[in-house]
Amino acid sequence: IWVVAFFFHSLTKKCSCTRGSSLAYYAELIMEGEAASNITAFLASLSDGFPINLTDISIISLNVTTECDINGETANCSCNNNFIWSGSVCDTNPECCNNDYCIVAAQNSTPIFTVSVIVSGQMTLNKTYISDLQNKTSYIYINMSASISALLKEAYSTLSGFDTLKIIGFRQGSIIVDFEVYFNAPLTTEQLANKTENLQNTLNATFILQTTGIVTINAPQSRVKYMSQQNLNCAISENMNQASWSLKKENKDLIDVVDGTESKITFGENCLSLSLSNVTEFWKGTYFCNFTKGNIINTASANLDVALLPAAIETEVEPQNPDCSLSGGVSIKVRCNIQNSSENYTVLFYDLHGVILKNNQKTSEDIITYETEINDVCQNNTKLDKNVTCSFQNNLFQSKNLTIIIPVMYDGTQNCSADEGWPKTKANFISTLQCTGDKKGNRQRKCTAPNIWKEEVKNCVNPALSNMLQIALNLLKGQGAIANIAETLFDRLKNTTANTTSIDSYADLKTSVDILNTIYKVSNNTNSTFEEHLLFNMLTSASNMLNENLTNSWNQTEKVYEPELVSAVYLNSVEKLIENTKLQNTSLNINSSNIEFKGCVVKENPNCIKNLSLFNNMVSMNGIEDGVLKTMVFKTIGKLLPNNISDTDVVSSVQSITLINSTNNNGNIRMIFSMSKERALNYEIKCVFWDFSTNKWSEAGCQWIKKDSTNFSTCDCNHLTSFSVLMSKFPISLPFGDELTYVGMGVSICSLLLCIVIEFLVWNTVVKSNISHFRHTALVNISLNLLIADCSFLGSSFPEKLSPTLCLGLTIVKHFCYLAMFFWMLCLSTMLLHQLVFIFHQMRKKVYLSFSFIVGYICPSIIVAATYVYFGSAYHNPETCWLIYSQALHGSIFSFVFPVLTIVIINFFAMAVVITKLLRPSVSEGTKMDEKETLKSILKAVIFLTPVFGVTWILGFLIFTLDLNDGLYVKLIHYAFIILNSFQGLFILITGCLTEKKVREALLKYVNSVYAQPSKTESSSKAQSSFVKK
């Protein structure tokens, strides 16, 4: 037997309703099962001649709503034509309310699907709200409700399928009327919109309508597996302007569902689909698809029930490292903690051999703890660690397992002793402690070897930051609208980061950076832009993270934690967030403590691309006529980025420049960077940009434009991104400069040794007068000091291999010996000048020797000692084992430069006087022949020595004023200095010994006497002759 429930609509003829209004009547028809197949045709035939006498009405439509198959004591009822159960059915049979079928007792009344479309409306009247509208029994409430109900019925009852209309109540906001309209026949949005538009014009009111029943939804009907892929589809018979998805979770507000990493929305003309890649508890709830046209939203809903598994399992072992070396049995407790969940898990604990362990459950507000206890873990004495696995299974037989390795210590096990709260721990294992204070997370510390603890790793995060990151990650997955949430996130982030003591760990900084990066990813994935008013909070938050007292926390990122370039992620995130922000004004300037931002619309403000100043940096662009220019300067981020260019330091802020919506993005850009330290001569500047594809500094497309300023660097680049300036740590080294120096020093050392040996061999032969005695005395001392200085120079060629004391000692020796060499040169030139000017006042040997030794050794000693005392630790550079040059006229090097420069000038003056005197006849004729020859030889030595030393060190003085970055000619001067300076010993040998005729003759005579082998007779004869002469 079949029971068919149906309703028919009729036009009223004598009622008080507006002409054309319709009413619905419900009927129940009982028939044999064989006749059910023709029920639709049968009912259609009744439309013209219905067998019931209905006075004053005519039937306009007739629809089947419910079909029930009565089988014995039960009736199986199903729905037709997208109707829904009546309210009475939902009250008496709640299990039927959300299903398309219902099983009831046959003797009960037939459950009828009564409603096809429900319209929930909100009408706003431009009237003053009064408190009586809150009381449903008040006269004002009853009167207004009746009048508005009549007006609404008058309009909506003319639509086909109209059933009932209810006034739900009144709200404040002018007067907001909430109402519901029920229809028992299909309805279109256009029909509803036409009637509503007439009402708006008549009542001078605004309407917002939401319908259910016009849209059909197709979703999984049964529970779905955890981490499975699911699809939901909605359809409507009309073309709509907009469509969207939303989700209602238990005890939470409605959430927008958008495209994300786990969701994908597809919208056609009259269909809307949602694809979820990995359904978890995050996606469990009731879904609403919404088709919007004007002020009407057509919705349909379906529930997605997911069989859950724990998102995370946190473990605890007490004690963490059971110690079997102690007497007595050791028991341990193993706990697996999960977030509180409505899922009824089957939880098992079992050991390495699969033996199931008993466990008990404890539930707190947010956490469910499952605990098992293992008694006497030392019983078998296998000296092996214990394994315990906790397993969670849902009702679809999916499971999630976590195995816990429990390090057991036995006699002889290597371990780290307890230390400041950290328990005794087995070697190569990690101990974990909970974070203290308000921060969430844990602290970890690894024992790497017996009694060697590694540095503590703090995974402690400010809970406010943790919450913000979770909101941002929800956005990234696809829940929530970035336009609605971004303002709140940036405001909260600004306030949280303002207190740097609350974000003073690496984990806090990384979480803060992750928030910025996640918001950028969301805006990028959804093609969203930010409003201008968000910039202040956005940049203030970013600036707070760069505060100076957080530098140590930044530095920990690469030392202790995973090798992630958090600083690079930070720079990219801020740059992209700024790029995705709209400018509403023609120019904008935001200045915070560590970041300065300037933006402008180029077409409306063309001068903004010329000489743009930020934190003492200057930016200028050429060839740009339109677009929006955005530029920022980060004060300290450059020093936090890893430097891949060896032997360089970041010496400027980081300048970030973007240009959007421009027809020409290839304009040249000139930047003038203010440097944190002055550039010394021969130090190279590199203009670089941060290459986000490689996470390295790169010079591609950038060039340093050398200027005279040592505090600013000018860079030209042909592209836009984040730029900075690097300075070399060491002066530019000339190609083969070191090799030339070492060869020259070797030659000089050999030459000086040879010179000293020659002087020793010919001394008695050539030293016949006071002048020659002084000359050769000065030559020997010059050679000896230069020899010691050159040997010390070679000895300090590799400072990194020397001890600090030895490096200091070699610096002092070089300083003293080079000065002594020049002071002896001064003695030589002044003695020559005295002999020529005061011809008849020859200086005694004792006087000039005393004078020379005082000047040659006491003066250098005083200078070296005074310099060391004055400069202290800044006396020498341990990296070069030589005096320090910091900047012009600053540094210990000038205690060497000034005396040498003075001596060179005096030497040139003396040489000029000597030459002038020699040109006078009185001088040339008034001296004895042998003395004249001696003076000539001295003059020859001075002419040879003084230019050599003078030119060499004048070139050296030029080096202090010329920069190797200036071009080829400076490099040639450097090469000349290297050659002349390193080969000084050879020049002394040539000018002081080999070019001196008396020295050559004496040396030749000595060599002949050594290598000649005369006969005994000749030897005897010579001996007798010599005796007779004496």
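Reader: Starting with Lys706: how exposed is Lys706?

Author: Lys706 is partly exposed, with a relative accessible area of 28%. Keep in mind that this is a predicted model.

Reader: Fine. Which side chain does Lys706 meet in a salt bridge?

Author: Asp966. The N to O distance is 3.1 Å.

Reader: And where do Lys706 and Asp966 lie in the chain?

Author: Lys706 is in the loop between strand E44 (702–705) and strand E45 (712–717). Asp966 is in the loop between helix H18 (929–959) and helix H19 (968–982).

Reader: Is Asp966 buried or partly exposed?

Author: Partly exposed, at 34% relative accessible area.

Reader: How many salt bridges turn up in the whole structure?

Author: A search finds 24. One of the pairs is Asp323 with Lys424, whose closest N and O atoms are 2.9 Å apart. Asp323 sits in the loop between strand E20 (314–318) and strand E21 (332–339), and Lys424 in the loop between strand E28 (415–416) and strand E29 (425–426). They are 101 residues apart in sequence, so this pair also ties separate parts together.

Reader: Which way does Asp323 go, buried or exposed?

Author: Buried. Its relative accessibility is 11%, and the cut-off for buried is under 20%. Lys424 has 32% relative accessibility and counts as partly exposed.

Reader: What does Lys439 pair with?

Author: Lys439 forms a salt bridge with Asp504, with 3.1 Å between the closest N and O atoms. The two come from distant parts of the chain, 65 residues apart. Lys439 is in the loop between strand E30 (429–434) and strand E31 (440–449), while Asp504 is in the loop between helix H6 (482–498) and helix H7 (506–525). Asp504 is partly exposed, at 43% relative accessible area.

Reader: Which residues are linked in a network of salt bridges?

Author: Arg223, Lys284, Asp305 and Glu343.

Reader: New topic. Why is helix H8 called largely enclosed?

Author: Because nine of the 10 residues of H8 (residues 535–544) are buried. Among them are Leu535, Met538, Leu539 and Ala542, along with Asn537 and Asn544.

Reader: What do the buried residues of H8 pack against?

Author: Helices and strands both. The helices are H6 and H10 (566–579). The strands are E34 (587–591), E35 (595–601) and E38 (628–634).

Reader: Zoom out. How many helices and strands does the protein have?

Author: There are 22 helices and 48 strands. Of the 1030 residues, 47% are buried. Among contacts with a separation of 6 or more, 68% are between residues 24 or more positions apart.

Reader: What about the accessible surface of the protein?

Author: About 51,600 Å². Carbon and sulfur atoms hold 53% of that.

Reader: Which residues make the nonpolar surface patch?

Author: Val757, Phe760, Leu761, Tyr1006, Val1007, Val1010 and Tyr1011. The patch covers about 710 Å².

Reader: Which helices supply at least two residues each?

Author: Helix H12 (737–766) and helix H21 (997–1011). H21 gives the largest share, with four residues.

Reader: Last one. Where is Tyr1011, and is Tyr1011 buried or exposed?

Author: Tyr1011 is in helix H21. Tyr1011 is exposed, with 66% relative accessible area.

How values were computed:
Residues are numbered from 1 along each chain as its sequence is written. This is a predicted model: local features need pLDDT of at least 70, side-chain atom pairs count only at pLDDT 80 or more; totals for chains, interfaces and linings use all residues. Side-chain values use heavy atoms; hydrogens and water are left out. A salt bridge is a side-chain nitrogen of Lys or Arg within 4 Å of a carboxyl oxygen of Asp or Glu. Buried means under 20% relative accessible area, exposed over 50%, partly exposed in between (1.4 Å probe, protein chains only). Contact means heavy atoms within 4.5 Å. Accessible areas come from the Shrake-Rupley method with a 1.4 Å probe; for residues, only the protein chains shown count as cover. Patches are made of residues with over 30% relative accessible area and no salt bridge: like charges are joined within 9 Å, nonpolar side chains (Val, Leu, Ile, Met, Phe, Trp, Tyr) within 5 Å.
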